[in-house]
Amino acid sequence: MAGQDGPSENMLVGYIVLGIYILLLVGSGMLAAIVNWVFRRKDPQGSLMRNHFMAGTGLGSMAWFFTMASSLFSGYSVSGISSEAYGLGFVATRWIPAGIGLYCGFMFLAPRCYALSKQRGFMTLGGLIFERYLPPAGHPWCAHALRLLAFGVLSLVGCHLCGSTGLTSGFFSSLHQAGSIVFLVLQYTELGGLPTAWRYWSDPDNRQEPLVGNMQLIPSEVSTVAYFDFLFKTTVAATMFPHLWQRLFCASSSRVVKNGLAAMNLTFFVVQFASMVIGWVAIAAFSDLELPTPSPFGSLLRLIAKNGPGQSFASALLLASGVCAMMSTADSSLLAFSTMWVQDFLRPYVWPSASELVQMLFAKFMGFVALCIGIALAILSIRDGKPDLTGLFSLQNVTPIHVAPAVWLGMHWRGLRAEAVLTGMVCGLGVTVGMVFSEKNVMYDRGLDRTENGLSTAWIGFCVNFFVTVTMGLILQFGPRVYPKLAELLTQEIHKRSIDIGPVHDPLIHPKYMVPFFLLLLFCVPFYREHLTPDTYVGSMASWAFTSLFLSGILALASAAVYKWAWRDYEPLPLPELPETDPSSKGKTLAGDSSLDEDALAISKLKESSGNPIAQVALTTAGTPKE
């Protein structure tokens, strides 16, 4: 143990490490500003907006992987998941199959959406949705309504995740992942790790001790339903997070996306599992004491730091890695939030002719607004205790899940019309919003989203959304064959920016892959076990939790292999060849189309560029996957 002056000396070590981290953070930002200034001098005609928001010509493999990881792994990955593991026991394992399910979900979206973004210059998901549902896929006002509704829904995600500014580089994301490994070693050497903790919370005599029952018993029926709900809700909803889409669009090539998504599957076993171990070990480490801090992560770091300057240095390093995880997701959300305000609101509807300088200033102002909202949420959480980190994550899943049918179905159902998607989205949002603030949400007082049977209002609303969209979509597609007058109500015009996804399906989503993946994901849920009965152990893990993680590992390896060897580059159909003035619009462009002039100019430059083979392929081929 430390001597009399030990605690103050240990604290000094922590301050030094955090100070160095802050200096590195500021230095990396200054270096990025200098590099950006040099490139601007070399290419003064380059797009200021694209350079700032989309990394210019795009990110390479290493940078893309780490910026994707830094966007995904947030403060919740450090503090929130460890708190869940401490309070819920092995139920916290839900994060690993849910995260892997997220990247399985991107199999439906990544090849097509990335190719379309390179062809058309998308910066936001709202731009893709808008052009997918332009005529002949629906009336123009439906496309505008969908873009505005998606903009409003996805903007809430940015507000929930914002809490800090500045763009941290991939180095700091790698610091966090390395820190997770260091902590696994440190908590084992200093506290005995899982084996020592297991001897405490696997002892039947300790079952009545606080939190131990969660480590010995198979989850209750409600908890199992909630486990299923979280797993599949996150798989769908997280694919709509705008900061992940911005990263997807800024990759320099499809190879970067393919390899990056394959590698991301494996990171959950490093970062999130390490956070779970923190919570599980804390159950035993603080069995006779209250947590000295609200977070098990901070409590264990403080406990380890008391043992000497060396342990204090390691704890401070791990704390710095946690801070960088919090900042990296917050700043990527700020970037996505401000981009949406420019691309989906300012340019289309308020100031189509705004210069790039005006757009940049407006984006920075909206980023400041989002930061203020994020700080207000943090203050509310500290003052009232809700919503806590778990509550914020729960709330951020409530709305974006309703954008999923527009994208998931729209990228593969050629005949899906905007009217069906808009109706489904409005109905689903209405059900979710109506339930989440009502007595049906039994966790409302805690800032969470769950009904008494374990399902969330977000998932219930999503099911309504999906059902209405599919039902109405089938009626509008095949109804005119039965009732010809219905065809008169459906617009048949072709807009110059409309997207035709083509008739060919992507090899990634072949049933021979998707059916086994779905079953693996489903059996990660312990629905097949007898609820609230004592479980056996595999090593230091309850058997049901070990089975869930084992199946998650198989799913991660299998999905990574499918990304690597089954990926085929999607080749969009060329833009419609129409006169400069669209006859169907009677000499006028549709409202908001003037905002697309800069994108059209960028596309024309891509056509002239011989150094961008992906753009050449996307702009000249005929809509089939490349063998």
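Q: Where does Leu532 lie, and what defines the elements on either side?
A: Leu532 lies in the loop between helix H24 (511-522) and strand S1 (537-538). Helices (H or I, at least four residues) and strands (E, at least two) are DSSP runs, numbered from the N terminus. The model is predicted: local features need pLDDT of at least 70, side-chain atom pairs count only at pLDDT 80 or more, and totals for chains, interfaces and linings use all residues. Residues are numbered from 1 along each chain as its sequence is written, and side-chain values use heavy atoms, with hydrogens and water left out.

Q: Why does Leu532 count as exposed?
A: Exposed means over 50% relative accessible area, buried under 20%, and partly exposed in between (1.4 Å probe, protein chains only). Leu532 has 54% relative accessibility, and therefore counts as exposed.

Q: What span is expected of helix H21, and what span does H21 reach?
A: The expected span is 1.5 Å times one less than the number of residues. Helix H21 (residues 418-436) has 19 residues and reaches 27 Å from its first C-alpha to its last, close to the expected 27 Å. Its buried residues include Ala418, Leu422 and Val436.
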